[in-house]
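You asked for a colleague's reading of this model, with the criteria behind each term spelled out. My notes are set out below as numbered points.

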Amino acid sequence: MFDALCFHFMSEAHSPLPKSVELQHGVLRFHSQKREGELDLLLSKRFGRQYDDYRHSWNSTTRLTENKYPLHLDFELNDSCNQACIMCPRNSRTHKNNGYSLGTKASFDISDFNRIIEEGSRYGLRSINLGAYAEPLTHPQFFEFVSLASRHGIIDIRMITNGILLNPSTSEALLDSAITNIFISIDAATKETYSSIRGGGYDQLIQNIDYLLKRRESRSQSIPFVRVSFVHMNSNKHELSDFLEQWQERVDFIDVQPGEDLSINPFSGFLQGNEQRITCISPWQRLSILSNGDIIPCCSFYGRYLPIGNINTTTIYDAWHGESMQIVRKNLLENASDVCNTCQSSSLL
């Protein structure tokens with residue numbers, strides 16, 4: 001399935017593609033200025049053995065691995081966003097029948113975050129993402145979260161942003177911070193397509209990215225790495241080659257991922273006749289923590305159907321080793337979970 005997907009993307013491009021293309025967990029990664037090995041080398045030089053051990057554990061994890069603690073935690077800092085993208089469940093026009101609540105405006109409390117990070121540091125946690133499922137820069141204490149994590153030994157601090165709030169002052173603060181990776185979601189090569197998918201703000205977004213990249217260069221910094229992403233859908237696939245050409249000499253990575261129809265009810269019988277796209281190992285590597293405190297076993301919106309605990313009643317360690325998480329893993333291994341099977345199979349391609 002994915003070999004065909006690679007060919008599909010490459011055959012549609014009418015201009016030369018970047019020199020290296022790699023498929024990672026269902027995402028096509030186009031290497032731009034730097035390769036994965038260069039990123040690892042730079043972070044290894046900065047953080048030493050701690051980083052090397054963390055990446056070795058991540059790369060060697062399988063469905064048979066028993067890590068004593070999640071290698072990575074994703075945090076939803078707030079249950080709100082400043083965009084309503086057509087492919088996102090937060091868009092109530094295109095996703096009317098979610099089996100979970102969204103838009104509650106719940107916000108992660110920094111004291112809860114501190115408790116989780118302190119626990120993680122005792123078990124060697126080295127990697128987090130601030131920006132799961134929503135725009136992290138709308139949280140007024142975003143940079144306090146970053147600083148707190150860094151003080152507790154988190155060395156790979158990532159963020160996913162739509163870039164609308166990435167103004168000059170925010171960019172300067174990011175360049176001064178412990179953030180190692182900035183992932184910017186764009187999904188279009190023109191203002192018109194961007195507007196139809198994500199709404200307004202395209203011109204401001206491009207200005208913001210330009211400023212960030214120029215200031216990173218003028219400050220002679222290699223970190224944070226900058227990745228731009230493109231969710232490949234019928235509404236934008238005609239712009240893929242232009243998108244690649246636009247960014248391949250400017251950013252460190254370009255990710256192209258197949259659009260998923262997250263409005264599919266996992267209990268609707270969708271799976272009949274549908275081929276599995278990916279083999280998921282997320283519940284052996286990571287957990288996500290929502291702004292309401294729910295702990296879910298992966299980084300997908302579908303994980304909200306499978307909460308394994310809440311930070312108000314359990315620790316991350318206990319949730320990781322608990323019965324609910326064991327059931328998630330067992331069902332995934334046996335293809336017995338409607339939720340996981342739907343997540344691994346649904347696509348807009």
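The points go from the overall fold to the aromatic contacts and then to the nonpolar cores.

1. This is a predicted model, in which local features need pLDDT of at least 70 and side-chain atom pairs count only at pLDDT 80 or more, while totals for chains, interfaces and linings use all residues. Residues are numbered from 1 along each chain as its sequence is written, and side-chain values use heavy atoms, with hydrogens and water left out.

2. The protein has 12 helices and 11 strands, taken as DSSP runs numbered from the N terminus (helices H or I, at least four residues; strands E, at least two). Of its 349 residues, 54% are buried, where buried means under 20% relative accessible area, exposed over 50% and partly exposed in between, with a 1.4 Å probe and protein chains only. Among contacts (heavy atoms within 4.5 Å) between residues at least 6 apart in sequence, 73% join residues at least 24 apart.

3. There are 13 aromatic pairs, counted when ring centres of Phe, Tyr or Trp (its six-membered ring) lie within 6.5 Å, with planes under 30 degrees apart called stacked, over 60 edge-to-face and the rest tilted. One of them joins Tyr-51 and Tyr-54 edge-to-face, at 5.7 Å centre to centre and 75 degrees between the planes; these two residues are three apart in helix H3 (residues 49-60), and so are separated by about one helical turn. Both Tyr-51 and Tyr-54 are buried.

4. Tyr-69 and Tyr-123 form a stacked pair, 5.0 Å centre to centre with 5 degrees between the planes. Because Tyr-69 lies in the loop between H3 and strand S3 (72-75) and Tyr-123 in the loop between helix H4 (110-122) and strand S4 (127-130), the pair ties together parts that are 54 residues apart in sequence. Tyr-69 counts as buried at 2% relative accessibility, whereas Tyr-123 is partly exposed at 30%.

5. A charge is taken to sit over a ring if NZ of Lys or CZ of Arg is within 6 Å of the ring centre and within 35 degrees of the ring normal. Arg-304 meets this over Tyr-100, at 5.8 Å from the ring centre, and Arg-329 over Trp-320, at 4.5 Å.

6. The largest nonpolar core has 57 residues, and Leu-130 is among those with the most contacts inside it; such a core is a set of buried Ala, Val, Leu, Ile, Met, Phe, Trp, Tyr and Cys residues joined through side-chain atoms within 4.5 Å. Helix H8 (residues 202-218) gives the most to this core, with six residues.
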